Amino acid sequence: MFCPRCGTENKEGAKYCVKCGLTLQKLTLQKTIQQKAEMSDKNPAIAAILNFLIIGVGYWYLNLEEVRGIPVWGYIVGGLILGVVEFFLPVLGIPGFIISVLLAIDAYQKAQGEQGFL
Ligand SMILES: [Zn+2]
C-alpha cells in the first residue's frame, strides 16, 4: 500500500510507513469500519424481502461477495432453480418457504452489521 502522507510504497500489512513513520494499520482499520458503515446504509427490510423473494438477491443488495464460502451468485442460481422445481413439485414449496424465511432473517441481521446465523 502507498502511504497517504508521503506516497512511499510500503509492504502490504506494514504497521508504519518506512519513510515518514505514519501509522498505516489504523488506516486499514478505518477502512473496515467505513465498509461496515456503508453496509448499514442499506435497508434491512429491503435486504430481507429481496432474499425472501429470490434467495441470494438480498446478499447481492448488501454488496456481499460470498456467504459461508459460497459466492452470492451461487445462492441466486440455487434460488432460481429451487423456484422452478417448486413450480413443478409444489410440495417442495414448504421447505423452500422455510429456507426463504431463514435467509431473509439472515440478510436482515447482516444489513444491521451483525453476523447473522449463516
Ligand atoms: Zn509516509
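**Entry 1: what covers helix 2**

I began with the cover over the buried residues of helix 2, which includes helix 3 (57-61) and helix 5 (93-111). The model I am reading is a predicted one. Helix 2 takes in residues 44-53. I listed its buried residues as A47, A48, L50, N51 and F52.

**Entry 2: the chain as a whole**

I then stepped back to look at the order of the elements. The chain holds five helices and two strands. Read from the N terminus, the order is α-α-α-β-β-α-α. I looked up the share of buried residues, and it is 19% of the 118 residues in the chain. I also looked up the contacts between residues at least 6 apart in sequence, of which 35% join residues at least 24 apart.

**Entry 3: the nonpolar core**

Which residues have the most contacts inside the largest nonpolar core? I found A47, A48, A104, A107 and Y108, in a core of 15 residues. Helix 2, helix 3, helix 4 and helix 5 are the elements that give two or more residues to this core. Helix 5 supplies the largest share of the core, five residues.

**Entry 4: helix 5**

I checked the length of helix 5 next. Its 19 residues reach 26 Å from the first C-alpha to the last, close to the 27 Å expected at 1.5 Å a residue. I wrote down its buried residues: L103, A104, D106, A107, Y108, K110 and A111.

I followed one of them, A104, to its contacts. Leaving out residues up to four places away in sequence, A104 touches A48, N51, F52 and G58. Of these, A48, N51 and F52 are among the buried residues of helix 2. Just after helix 5, I found G113 with a positive phi of about 80°.

Is I55 buried or exposed? I55 counts as buried, because 27 other C-beta atoms lie within 10 Å and the cut-off for buried is 20 or more. I had placed I55 in the loop between helix 2 and helix 3.

I listed what I55 touches, again not counting residues up to four places away in sequence: Y75, I76, G78, G79, L82, I99, S100 and L103. Among these, Y75 and G79 are buried residues of helix 4, and L103 is a buried residue of helix 5. I also took one distance, from I55 to W73. They are 18 residues apart in sequence, and their C-alpha atoms are 9.7 Å apart in space.

**Entry 5: the two sides of helix 4**

Helix 4 covers residues 72-88, which is 17 residues. At 1.5 Å a residue it should span 24 Å, and I found its end C-alpha atoms 25 Å apart, which agrees.

Which residues of helix 4 are buried? They are V72, Y75 and G79. They cover an arc of only 45° around the axis, so they lie on the same side of helix 4. I recalled the general rule here: an α-helix has 3.6 residues a turn, so residues three or four places apart point the same way. I81, V84 and F88 are exposed on the other side of helix 4. The buried residues of helix 4 pack against helix 3, strand 1 and strand 2.

**Entry 6: V67, in strand 1**

I turned to strand 1, where V67 lies.

What does V67 touch, not counting residues up to four places away in sequence? I found Y59, V72, Y75 and L118. V72 and Y75 are buried in helix 4. V67 and L118 are 51 residues apart along the chain, yet their C-alpha atoms are separated by 7.0 Å.

N63 sits in the loop between helix 3 and strand 1 (66-67). N63 counts as exposed because it has 11 C-beta neighbours inside 10 Å, and the cut-off for exposed is 12 or fewer.

R68 has a positive phi of about 55° and is not a glycine. I placed R68 in the loop between strand 1 and strand 2 (70-71). R68 also counts as exposed, with 7 C-beta neighbours inside 10 Å.

Conventions. Residues are numbered from 1 along each chain as its sequence is written. This is a predicted model: local features need pLDDT of at least 70, side-chain atom pairs count only at pLDDT 80 or more; totals for chains, interfaces and linings use all residues. Helices (H or I, at least four residues) and strands (E, at least two) are DSSP runs, numbered from the N terminus. Two residues are in contact if their C-beta atoms, placed from the backbone, lie within 7 Å. The expected span of a helix is 1.5 Å times one less than its number of residues. The arc is that of the directions from the helix axis to the C-beta atoms. A nonpolar core is a set of buried Ala, Val, Leu, Ile, Met, Phe, Trp, Tyr and Cys residues joined through C-beta atoms within 7 Å.
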